[in-house]
Amino acid sequence: MPDQPILVVFPHPDDETFALGGLLARHAAEGTPLTYLCATRGEAGRNMGHPIVATRETLPEIREAELREACSILGIRDVRLLGFRDRMLEFEALEDLARPVAEALLELRPSRVYTYYPEHGYHPDHDAMSRAVVLAIGGLPADQRPLLLGTVFSEAALAALGEPDEVIPTAAYGETLRAALRAHRTQTAAMMAETERRMAEDEGFRAQVEEARSKMAAKLWVYPMDTNGVRRPPQESPVSA
Ligand SMILES: [Zn+2]
């Protein structure tokens, strides 16, 4: 793993944990400096806690506090909220979304940038932010660009993108990941309580979850900047004519 900083860019508090929590914990444990640009405070989130602890007015403040706690658990020391409006990113001018990303690229000179894989983020905010990241990186001279690596939201994207370019084991960071998930309590408390209940009651389900946890790995796809995102077919071994 590189010692150069890694820049993480997502639109919502909790994207970092749900999408890449185990991997970010691993990088932090290995001493890689991480900076997270979180575009919004997640104020349009549908969940208000379980039991309900937030109102529409208090949700942004609560989610920001949850985000800072989760990032501190994962080991992300530099968290920057960009102040864009939740669920509205697709309506922002792309240059405005890209500007803070471009500034962070110049300031931090990261070796890698993580975000949702462009057009496979499943949510308009996710895709808008990925497009902004592509624009920001594209603004750098080709030989100064960090590697752009995308994670995908659903298994459906696998069919379009093929096998991931990197598969990084993260099972050793499962406890840290789950602690970070718990920190996003307005969004995760109901889901985590349900999982724990089923694990306690259903031996088969518990075995399934434990098996999945033991194989946990981050899957990343390299976004090819030089071909504007067109992925080359997998290299086949040369065949003599
Ligand atoms: Zn999100």
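Visitor: Which residues of H7 are buried?

Guide: Arg 185, Thr 186, Gln 187 and Thr 188 of H7 are buried. This is a predicted model, in which local features need pLDDT of at least 70 and side-chain atom pairs count only at pLDDT 80 or more, while totals for chains, interfaces and linings use all residues. Residues are numbered from 1 along each chain as its sequence is written. What covers those buried residues of H7 includes H2 and helix H6 (174-183).

Visitor: Why is Gly 22 called buried?

Guide: A residue is buried if 20 or more other C-beta atoms, placed from the backbone, lie within 10 Å of its own, exposed if 12 or fewer, and partly exposed in between. Gly 22 has 25 other C-beta atoms within 10 Å, so it is buried. Gly 22 sits in helix H1 (residues 15-29). Leaving aside neighbours within four places in sequence, Gly 22 is in contact with Thr 170, Tyr 173, Gly 174, Leu 177, Met 216 and Ala 218; contact means C-beta atoms, placed from the backbone, within 7 Å.

Visitor: What is the count of buried residues in H8?

Guide: Among the 12 residues of H8 the count is 0, and this helix is hardly covered. In the protein, 41% of the 241 residues count as buried.

Visitor: How many helices and strands does the protein have?

Guide: There are 8 helices and 7 strands. Both are DSSP runs numbered from the N terminus: helices are H or I with at least four residues, strands are E with at least two.

Visitor: What makes the protein as compact as a globular protein of its length?

Guide: The radius of gyration is taken over C-alpha atoms, and the globule rule is 2.2 Å times the number of residues to the power 0.38. The protein comes to 18 Å, close to the 18 Å that the rule gives for 241 residues, so it is as compact as a globular protein of that length. Its C-alpha trace spans about 60 × 45 × 30 Å along the principal axes.

Visitor: What is the strand order in the sheet?

Guide: The open sheet runs E3-E2-E1-E4-E5-E7-E6, with mixed pairing. Strands E3 (78-81) and E6 (166-169) stand at the edges, because each has a single partner strand. Two strands pair if DSSP finds at least two bridges between them. Strand E4 (residues 112-116) and strand E5 (residues 147-151) run parallel and are joined by 5 bridges, so they meet that rule. One of these bridges links Arg 112 with Leu 147 in E5.

Visitor: Why is H2 called roughly antiparallel to H6?

Guide: H2 and H6 pack at an angle of about 170°, with their axes 8 Å apart. Axes are lines fitted to C-alpha atoms, for helices over the stretch in contact, and angles run from 0 to 180 degrees between N-to-C directions. Angles under 35 degrees count as roughly parallel, over 145 as roughly antiparallel, 65 to 115 as roughly perpendicular and the rest as oblique. That makes H2 roughly antiparallel to H6. Residues making the contact include Glu 66 and Ala 70 of H2 and Thr 176 and Ala 180 of H6.

Visitor: What span is expected for H7 at 1.5 Å a residue?

Guide: The expected span is 1.5 Å times one less than the number of residues. Helix H7 (residues 185-201) has 17 residues and reaches 23 Å from first C-alpha to last, close to the expected 24 Å. Helix H8 (residues 203-214) reaches 16 Å, close to its expected 16 Å.

Methods: Two residues are in contact if their C-beta atoms, placed from the backbone, lie within 7 Å.
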